[in-house]
Amino acid sequence: TMCGLLHLLMLFHVAVVSGLICEPTPGRMRQVDAGSGQVLGVCRAGRVFQRVGDQWQRLPGPGRLRHVTVGATGIWAVGLGQRIYRWVHGHWAILAGELTQIDAGGDDIVAGVDRSGDIYCSSRDAAMGASAYNGPSYTRVPGKMRYYSCGPGQCWGVAASGKVYVRDKVTSRSCAGSRWILASASPLMAMVEAATDGSVYAVSRAGQVYRRLQISVRRPQGINWKMVHFFGRKFRHVSADLGVLWLIEMNGNIVHCH
């Protein structure tokens with residue numbers, strides 16, 4: 001198929017990695033997002049698929065998409081022209097705003113970045129009610145990031161430099177938060193994902209996967225990164241939900257660990 005969903009990864013047998021049991025998942029994706037017990041992915045042809053049981057099921061329309069996210073506010077996606085979509089009653093509704101990357105994993109909020117690195121978020125009431133091109137309303141978050149992902153009470157961003165920052169005191173009513181905290185200057189990261197359980201994972205520019213340790217109310221930025229060793233394999237994307245890790249290798253192969 002165009003999305004390679006019949007492709008079976010035979011090289012990566014079941015393996016135990018950092019206490020996790022990792023195994024290949026049929027299919028190829030360019031990006032995957034897990035949240036609220038659901039898993040969605042975008043394949044290289046720009047089609048969106050949802051994990052149903054042990055199968056990938058396509059969500060039809062609306063042309064080529066580049067990034068998908070799922071969380072308490074539902075399923076959202078962005079297209080190649082920065083257009084924003086939300087899955088509403090079985091179809092993709094076109095919404096207001098322009099983003100290149102979007103995240104619905106926070107406290108009932110939606111946030112993301114546009115192609116110039118500007119950060120925008122939509123608080124709970126606006127995000128929950130968005131179903132047409134006149135919504136939702138957005139708040140500009142100060143600063144610039146390449147990638148932005150939200151978990152409980154905070155959002156994590158990767159700057160153009162590869163440094164990782166935390167946006168603190170983010171709430172469902174005040175999605176912009178209050179301050180930036182530098183979390184790490186090395187290794188240089190390509191993307192970071194905050195899960196709804198508060199765990200944070202990142203992929204470095206070298207394709208290595210890391211987990212942030214000792215995140216707390218006192219130290220929202222945590223203490224340090226711990227590499228998750230995958231026998232030299234390189235990854236482009238990571239997402240976590242309910243103790244399950246979903247990873248995309250550089251070639252699009254999917255691995256999940258539990």
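This is a predicted model: local features need pLDDT of at least 70, side-chain atom pairs count only at pLDDT 80 or more; totals for chains, interfaces and linings use all residues.

Biologist: How many helices and strands are in the protein chain?

Modeller: The protein chain has 1 helix and 25 strands.

Biologist: What does the radius of gyration say about the protein chain?

Modeller: The value is set against the one for a compact globule with 258 residues, which would be near 18 Å. The protein chain has 17 Å, so the two agree. Along the principal axes, its C-alpha atoms fill a box of roughly 45 × 40 × 30 Å.

Biologist: What share of the residues is buried?

Modeller: Buried means under 20% relative accessible area. By that cut-off, 54% of the 258 residues count as buried. The protein chain exposes about 11200 Å², with 53% of that supplied by carbon and sulfur atoms.

Biologist: Which strands pair with β13?

Modeller: Strand β12, residues 110-113, pairs with β13 in the antiparallel sense over 4 bridges. Strand β14, residues 139-144, also pairs with β13 in the antiparallel sense, over 4 bridges. As examples of bridge partners, V113 goes with I119 of β13, and C121 goes with T139 of β14.

Biologist: What lies between β12 and β13 in their hairpin?

Modeller: There are 4 residues between the strands, and in this hairpin G117 takes a positive phi near 90°.

Technical notes:
Residues are numbered from 1 along each chain as its sequence is written. Side-chain values use heavy atoms; hydrogens and water are left out. Two strands pair if DSSP finds at least two bridges between them. Helices (H or I, at least four residues) and strands (E, at least two) are DSSP runs, numbered from the N terminus. The radius of gyration is taken over C-alpha atoms; the globule rule is 2.2 Å times the number of residues to the power 0.38. Buried means under 20% relative accessible area, exposed over 50%, partly exposed in between (1.4 Å probe, protein chains only). Accessible areas come from the Shrake-Rupley method with a 1.4 Å probe; for residues, only the protein chains shown count as cover.
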